[in-house]
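Colleague: I have not looked at this one before. Can you walk me through it?

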Amino acid sequence: MKSTPSRIVLAALLVVTTAGCCSQATKGGISSQEIATLCKAAPFEMQAPALPRIPDRSVSLADFGGVGDGVTLNTEAFAKAIAYLTGQNDGTTKCEGKARRTAQGKEQGGWVNVPAGIWLTGPVTLQSHIGLRLDDDAVVVFSSDQDLYPIIDTNFEGLDVRRCVSPLNATGVHDIAITGGGIFDGSGDAWREVKKRKVGDDQWKRILQRGGLVSEDGKVWYPDEGYAKARATAGSLNYPDPSLDEQEIKTFLRPVLLSFRECERILIEGCTFQNSPCWNLHPLWCKDVIIRDITVRNPHYSANGDGIDIDACERVILTGSTFDVGDDAICIKSGKDADGRRHARKCKGLIITDCTVYHGHGGFVVGSEMSGGVEDILVSGCRFIGTDVGLRFKSTRGRGGLVKDIWCEHIYMKDIVTYGVIFNLYYAGVAATEMSGKTGEDIIPVDETTPEFRDCHFRDIVCAGAAQAIFINGLPELPIRNLTFSDSRFTADKGAESHYAEGITFEGVTVNGETL
């Protein structure tokens, strides 16, 4: 096992500047050498993720008829600009009177520059060797017109399902990037349900003024009747009765803001992603992903308003980013139940550093969809301020999958609502603030559906305020094993509690000044 990096080493590695991307490295941004150095410092073997290769040439969205007035629909302008750069034209394309060289016969690809303005659009689909570069004053607003978002076969919450296509999407491509200082807004308020208890009275009144309808008990607002019908059949989950007309319940099949599926060599840097209909960022089955200096925002009341869900990906670096969201903030997944075991894709080789989480159900989270397995993850130098849970590990019987070799160190938490660190293998699809805290007693045979968590390490954790410092709730048939806690300090109403766990060690750990 490799030695873990020190705070000084990690801090030095993170002192890099921000800019766009060209060929194999960012211009003034993170370099291949810095990425390699960061990977070498990890406590596990990890091949350095490669930066995307994108030709150093660009066109402006305005050259293809784009108008940044917040009213004109720019879906076609985005499509034309991307098609031009990838050579999908007859070789005579002109950009609003400006002759441009055709991409035919050249290295295909390049950058679509989005100037300052408010750019209303439908879905934008990236192709190989294409980057979007937003001006600092560019705001891309995705239309709430559902007719722009066809329903497709996809994978969401670990299951193979049908959902609306994502506003930002790519499937099976390579060498793609989204950079700059601008904002992507998903117009999520038009898609999501809202629970009355999560908002104040004045805001609830404004929500009711949108139309829609309210549940019989008056506790939930739905955007339309189809959504309410789907929710009634789906219960607390997001999988309605498949016999329902999917066009009628289309609002319920709301998309994630960004979906990159089976893509390689991805850079996401500098932008803000906000107000998503569902999750914000969802890289699924991707390799070589670098995400740096982004801001992710969803209203605190947003249903399924996750920050980022890194789903069955390999070789990922997430650094220098800020999250303030309505559900889990930085979440690691690898499929759910039979679908997840059938796909059998691990989430492996992740480095998460220098991130800040404000509101969220969890700061750093593994699960509950982890049926393909999760291993080799370093979380270091992160801050969780006012989140429901700091470090959250969750699953339940039926998942299967193995979670192991997770390192969490130099983590600083303040005003955590419930648990500083929690392992809960009786997860029932609710936030930690809604858990009863009861543990299960039934012992059933261990098989492929039994989730396993082991070999996780926590060092230099500082938690200034929590309802409970540490809560470990394993399964009697397969206890959680080999957790180490060292050099950590918790201030909490309760200390450490453990059920069905083996090999749990504490060294230099205090709760309210008392040594565990």
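Colleague: Which residue is the bridge partner of isoleucine 472 in strand 40?
Modeller: Serine 498 is the bridge partner of isoleucine 472 there. Helices (H or I, at least four residues) and strands (E, at least two) are DSSP runs, numbered from the N terminus. This is a predicted model, so local features need pLDDT of at least 70, side-chain atom pairs count only at pLDDT 80 or more, and totals for chains, interfaces and linings use all residues. Residues are numbered from 1 along each chain as its sequence is written, and side-chain values use heavy atoms, with hydrogens and water left out.

Colleague: How many bridges are there between strand 38 and strand 40?
Modeller: Five, and the two strands pair in the parallel sense. Two strands pair if DSSP finds at least two bridges between them.

Colleague: And how many between strand 36 and strand 38?
Modeller: Strand 36 and strand 38 are also paired in the parallel sense, over five bridges. Isoleucine 422 stands opposite phenylalanine 471 in strand 38.

Colleague: Is strand 38 mostly covered or mostly open?
Modeller: Strand 38, residues 468-473, is mostly covered, and six of its six residues are buried. Buried means under 20% relative accessible area, exposed over 50%, and partly exposed in between (1.4 Å probe, protein chains only).

Colleague: What does the side chain of asparagine 424 contact?
Modeller: Asparagine 424 belongs to strand 36, residues 419-424. Its side chain makes a polar contact with the side chain of asparagine 473 at 3.1 Å. The side chain of asparagine 424 also reaches the backbone nitrogen of tyrosine 426, at 3.2 Å. A polar contact is a pair of N or O atoms within 3.5 Å; within protein, one must be able to donate a hydrogen and the other to accept it, and residues adjacent in sequence count only if both atoms are side-chain atoms.

Colleague: Why does asparagine 424 count as buried?
Modeller: Because its relative accessible area is 4%.

Colleague: What joins strand 14 to strand 20?
Modeller: Four bridges join strand 14 (residues 168-171) to strand 20 (residues 258-261), and the two run parallel. In strand 20, leucine 258 is the bridge partner of leucine 168. Strand 20 pairs with strand 23 in the parallel sense, over four bridges, and in strand 23 the partner of leucine 258 is leucine 281.

Colleague: Where does strand 23 go from there?
Modeller: Strand 23 (residues 281-284) pairs with strand 26 (residues 308-311) in the parallel sense over two bridges. Leucine 284 stands opposite aspartate 311 in strand 26.

Colleague: What about the sheet of three strands?
Modeller: That open sheet has the order 17-19-18, and its pairing is antiparallel. Strand 17 (194-195) and strand 18 (213-214) are at the edges, each with a single partner strand, so one side of each is left without a neighbour in the sheet. Strand 18 and strand 19 (residues 220-222) are joined by two bridges in the antiparallel sense, with leucine 213 opposite tyrosine 222 in strand 19.

Colleague: Changing topic: how many disulfides are there?
Modeller: Zero, from a search of the whole structure. Cysteine 313 is in no disulfide, and the nearest cysteine sulfur, that of cysteine 286, is 4.7 Å away. A disulfide is a pair of cysteine sulfur atoms within 2.5 Å.

Colleague: Is cysteine 313 buried or exposed?
Modeller: Cysteine 313 is buried, with a relative accessible area of 0%.

Colleague: Now helix 2. Which residues are buried there?
Modeller: Ile35, Leu38 and Cys39 are buried in helix 2, residues 32-40. They cover an arc of only 100° around the axis, which puts them on the same side of helix 2. The arc is that of the directions from the helix axis to the C-beta atoms. Gln33 and Lys40, on the other side of helix 2, are exposed.

Colleague: And the whole chain, how many helices and strands?
Modeller: The protein chain has six helices and 42 strands. Of its 516 residues, 57% are buried.
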